Amino acid sequence: MKKLLAILLSVVMVLSLVACGSKETPSDTPDPSTDNPTTETKTIKVGLICIGDENDQGYTYNFIRGKEAATEALAAKGINVEWVVKYNIGEDSTCEDANIELAEEGCELIFNNSYGFEPFMLKVAPDYPEIQFVGCTNQGSWNDGLDNTHNAFASIYEGRYLAGVAAGMKLQQLIDEGTITAEEAVIGYVGAFSFAEVISGMTSYFLGARSVCPSVTMKVQFVGSWSDATEESNAASALCDLGCKLISQHSDNTTPATMAQSKGAFHTGYNNDMTGVAPEASIIGCRIDWTNYFVYAIESVANGQEFDQDYCYGYAHGDVVLTELNEAIAAPGTAEKLAEVEAGLADGSIKVFDTSTFTVGGETLTSAFALDTDGDFTPDSEEAVFDGAFHESYFQSAPYFAIQIDGIEWLNSAF
């Protein structure tokens, strides 16, 4: 790789500890009920378009969990939600059809839960200006010139960094006990696609692991799909066969966890606690908790109020959470270390993309721009490296860290 001083980045998504750009700090998150207290019970019809269903026990299941918690919280505020959910929708014209159907059914607010849904959602939104459309984990809605489109995400890279710390501690334990050598501390990572949302997450995970296990390296296998249980399993198997001692993932299913267990490797998960399917392998997981956002957006619409077009909060705000630590297999001291790192993230003393902790082509990263490849939907050429760190999801909720750093080997590409 050529040595770099500046790198132009493409944009996809993830979120930050504080609000993106000029938004409020977490403690100042808009609360519509403070301005318009609910005095009468209201009913609102809300649509949710899902790429899978709750049976995946991963990505869509996590949205359903947030939906149910938000429904309960809103009921306590006097807002009843009538949900219309469409499951197993493709990232194709069927998504456009689903948005139209929900609009025609009278939904006042429609959530699209997959990155690939946004282009189809944006075809429909101009025809229904009175309906609010949300692209979860997307980047184009907040700056498309439409008042009724929104983006939402959370700074999941913080959760991945923490999960990486738990993974690194396990690998260091194996080294200290003589079970593996320092050079054998290799992580295998099952990724969906090789663009910024995944790259940002896998890099933050790796940096968390390396913060406690300096010799760790990582191999990444992309599967070219958000949700393909078989291919995710195959990728995890191949990574174990290459000598990876621990598997992690940015994919929707539990098969990387079960494959890791069958191969005698350890695992950290995403979207759900996977210790139930792989109790001897899965140490911890991280997930976005969509409850806060669902409550905020639905309550705003119910009260006739505007809400953020680019929403981005993180760990300190409760939008990013860890699953329960599997104490039976976690390295001793993991819980205490996680608490320490959590405090460092909260007070700013730990920066996930601290440029002193990684190199690109052997050199320290000194400049990188938060700019989409075609210049759309983002501030113009914003410098993302300042104050000793790359500031992810600072200028918009969508992540723009798309750099291949030293120590991470890409086995393939799947854009």
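**Close-up views of the sheet and its surroundings**

View 1. You are looking at a predicted model, in which local features need pLDDT of at least 70, side-chain atom pairs count only at 80 or more, and totals for chains, interfaces and linings use all residues. Residues are numbered from 1 along each chain as its sequence is written, and side-chain values use heavy atoms, without hydrogens or water. E11 and E13 run antiparallel, joined by 3 bridges. Helices (H or I, at least four residues) and strands (E, at least two) are DSSP runs, numbered from the N terminus.

View 2. Follow the order E13-E11-E10-E9-E7-E8-E18 and you will pass through 7 strands of an open sheet with mixed pairing; strands pair if DSSP finds at least two bridges between them. At the edges lie strand E13 (320–322) and strand E18 (408–410), each of which pairs on one side only. From one strand to the next, the twist averages 20°.

**View 3. Strands E10 and E11 within the sheet.** Strand E10 (residues 266–270) and strand E11 (residues 282–288) run parallel and share 3 bridges. Along this pair, Gly 269 of the model faces Gly 285 in E11, and Tyr 270 has Cys 286 in E11 as its bridge partner. With 7 of its 7 residues buried, E11 is largely enclosed by the rest of the structure (buried: under 20% relative accessible area; exposed: over 50%; 1.4 Å probe, protein chains only).

**View 4. Helix H5 packed on the sheet.** Helix H5 (residues 156–176) touches strand E7 (186–191), strand E9 (246–250), E10, E11 and E13, contact meaning heavy atoms within 4.5 Å. The directions of H5 and E11 make an angle of about 170° (lines fitted to C-alpha atoms, N to C, on a scale from 0 to 180 degrees).

**View 5. Helix H8 and the glycine that follows.** In helix H8 (residues 255–262), the buried residues are Thr 255, Pro 256, Ala 257, Met 259 and Ala 260. Their packing partners are E7, helix H7 (229–241), E9 and E10. Just after H8 comes Gly 264, with a positive phi of about 80°.

**View 6. Two loop residues with positive phi.** Asn 271, in the loop between E10 and E11, is not a glycine, yet has a positive phi of about 75°. Its relative accessibility is 2%, so Asn 271 counts as buried. Asp 387, also not a glycine, has a positive phi of about 55° and is found in the loop between strand E16 (385–386) and strand E17 (389–390). At 64% relative accessibility, Asp 387 counts as exposed.

**View 7. The largest cavity.** The structure holds 2 cavities of 30 Å³ or more, and the largest has a volume of about 90 Å³. Its lining consists of Ile 51, Tyr 59, Ser 114, Tyr 115, Thr 137, Glu 197, Trp 226, His 250, Asp 252 and Tyr 270. A cavity is a set of points on a 1 Å grid where a 1.4 Å probe fits but cannot get out, with lining residues having an atom within 4 Å of a point; its volume is the space filled by probe spheres set on the points.

View 8. The protein chain has a mean pLDDT (the predictor's confidence in each residue, from 0 to 100) of 89, and 88% of its residues reach 70 or more. Over residues 1–28 the pLDDT is below 50, and this stretch has 123 contacts in the model beyond near neighbours in sequence. Residues 372–379 also stay under 50, with 21 contacts beyond four places in sequence.

Key:
On a 1 Å grid over the protein atoms alone, a cavity is a set of points where a 1.4 Å probe fits but cannot get out, and a pocket is an open set with protein on both sides within 12 Å along at least five of seven lines; lining residues have an atom within 4 Å of a point.
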